[in-house]
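The sequence and the model are shown below.

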Amino acid sequence: MKRYWNIYEKIWQMDNLKLAHRMARKDKQLYKEVQMVNSDEEYYLTKIQELLKKKKYYINASDYSVSVIRDKTKSRELWKLKYYPHRIIQRAIMLQLEKIFENLFCDFVCASVKGRWWKQVMKLMDQYMKDKEWTKYCLKIDIQKFYPSVNHRILKKLLRKKFKDRDLLNILDMIIDSFPWKFGVPIWSYLSQFLANFYLAYFDHWMKEKVRCKYMIRYMDDIVILDWSKKHLRYVYKRMRAYLGWNLGLKIKSNYQIFPTNVRWIDFVWYRYFYWYRLLRKRTCNRMKKKISNVRKRKWREKDWCMINSYAGWLCHCNSYRLYEKYIEPRIDWIVEYYRRKVCDKEKRVAKFEKKVKKLKWIFSNK
């Protein structure tokens, strides 16, 4: 297995830091810290360079701000870092590590991989479902409390299998240990999503090369496996549970499912998949109907066109012509007129939105 070294020196190069700042500040131009760094970029980035070069950079739990959000039936803790210097440094690290991680990830890993995400899920699912004989049954599992269950000791051990740059490993260890417990990586931290994905990377290879799963998709901690035999999927589940428990200290949720794909749909990453088509997830569909129907009962607001435009984007990627015809199409002209009246001085934004509307109409007319 190839191991990488001499990476740390590339992280603190000024070109790398400037690119990291440009990427990290995207859509955050109103942040005070972003404006501060923009006011004298050379000065602030030079200070970060000196911190990294002299190995004086330090991060601990007090550098995070913690907030709690309610997600469906559970609450999540979001650990946010200050923009300067932490987010810039993490982005600079990932600029050097991202390609190494991507080369390690299997082709069925979709989340936190550049150019894949949920569109790759749709592409793979459509490709798999063409083989009707081999996709008679589906195993759908979810890892229990994945982010809070990542074992620091095991994660560091896996990183040492891939990297032999001592300075790089020291800064990664410090970032991992900045989370105040022995288990877990902070949700919302930029580096965490890549480390969490890397934590399962060798499990993915084991599933592909040892267990020989032909059709598998992993979207972070959600996994779908398709197979011709229900009995074989039970065997695969037992082996997965043993591997995750013994090697990674992870548990599979007790609500795992094995079901025939010709009887019910596969509900995975915002859509419901059938053999010849896909539909919007029921929960998302009902929420869309409720929100758009409520718009009639009050005055239009600027965020309403954002909401409808967003749902129109979701509908573009599934079989939903009737939904579009009933809920989106009758309101598009109203939204354009409302938006033009409110932001008449921003003609470019209106023209851009009208162009998107024409594109949406063309997509649905050719479905």
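The count of salt bridges in this predicted model comes to 13. Three of them are listed here.

| D107 | K208 | 3.6 Å |

**Salt bridges and their surroundings**

The side chains of D107 and K208 form one of these salt bridges, at 3.6 Å from N to O. D107 belongs to the loop between α5 (83-104) and α6, while K208 belongs to helix α11 (residues 201-209), so their pairing ties together parts of the chain that are 101 residues apart in sequence. D107 has a relative accessibility of 44% and is therefore partly exposed. K208 is likewise partly exposed, because its relative accessible area is 38%.

How exposed are the partners? D126 counts as partly exposed, at 31% relative accessibility. R278, in contrast, is buried, with a relative accessible area of 15%; the cut-off for burial is under 20%.

E133 counts as exposed, with a relative accessibility of 53%. K136 is partly exposed, at 37%.

**A residue of helix α6**

Helix α6 spans residues 117-129 and contains Q120. Is Q120 buried or exposed? Q120 has a relative accessible area of 16%, so this residue is buried. Leaving aside residues up to four places away in sequence, Q120 touches D107 and C110. D107 is also a partner of K208 in the salt bridge described above.

**A positive surface patch**

Which residues form the positive surface patch? The patch is made up of R283, R287, K291, R301 and K303. Helix α13 (residues 282-295) contributes its largest share, namely three residues. R301 is situated in the loop between α13 and α14 (302-315). With a relative accessibility of 39%, R301 counts as partly exposed. A residue needs over 30% relative accessible area to be included in a patch.

**The chain as a whole**

The chain contains 16 helices and nine strands. Its C-alpha atoms fill a box of roughly 65 × 60 × 35 Å along the principal axes. Of its 367 residues, 48% count as buried. Among contacts with a separation of 6 or more, 72% are between residues 24 or more positions apart.

The chain exposes about 21,000 Å², and carbon and sulfur atoms supply 51% of that area.

Technical notes: Residues are numbered from 1 along each chain as its sequence is written. This is a predicted model: local features need pLDDT of at least 70, side-chain atom pairs count only at pLDDT 80 or more; totals for chains, interfaces and linings use all residues. Side-chain values use heavy atoms; hydrogens and water are left out. Helices (H or I, at least four residues) and strands (E, at least two) are DSSP runs, numbered from the N terminus. Buried means under 20% relative accessible area, exposed over 50%, partly exposed in between (1.4 Å probe, protein chains only). Contact means heavy atoms within 4.5 Å. Patches are made of residues with over 30% relative accessible area and no salt bridge: like charges are joined within 9 Å, nonpolar side chains (Val, Leu, Ile, Met, Phe, Trp, Tyr) within 5 Å. Accessible areas come from the Shrake-Rupley method with a 1.4 Å probe; for residues, only the protein chains shown count as cover. A salt bridge is a side-chain nitrogen of Lys or Arg within 4 Å of a carboxyl oxygen of Asp or Glu. Lys and Arg count as positive and Asp and Glu as negative; His and the chain ends are not counted. The place of a charge is taken as NZ of Lys, CZ of Arg, CG of Asp or CD of Glu.
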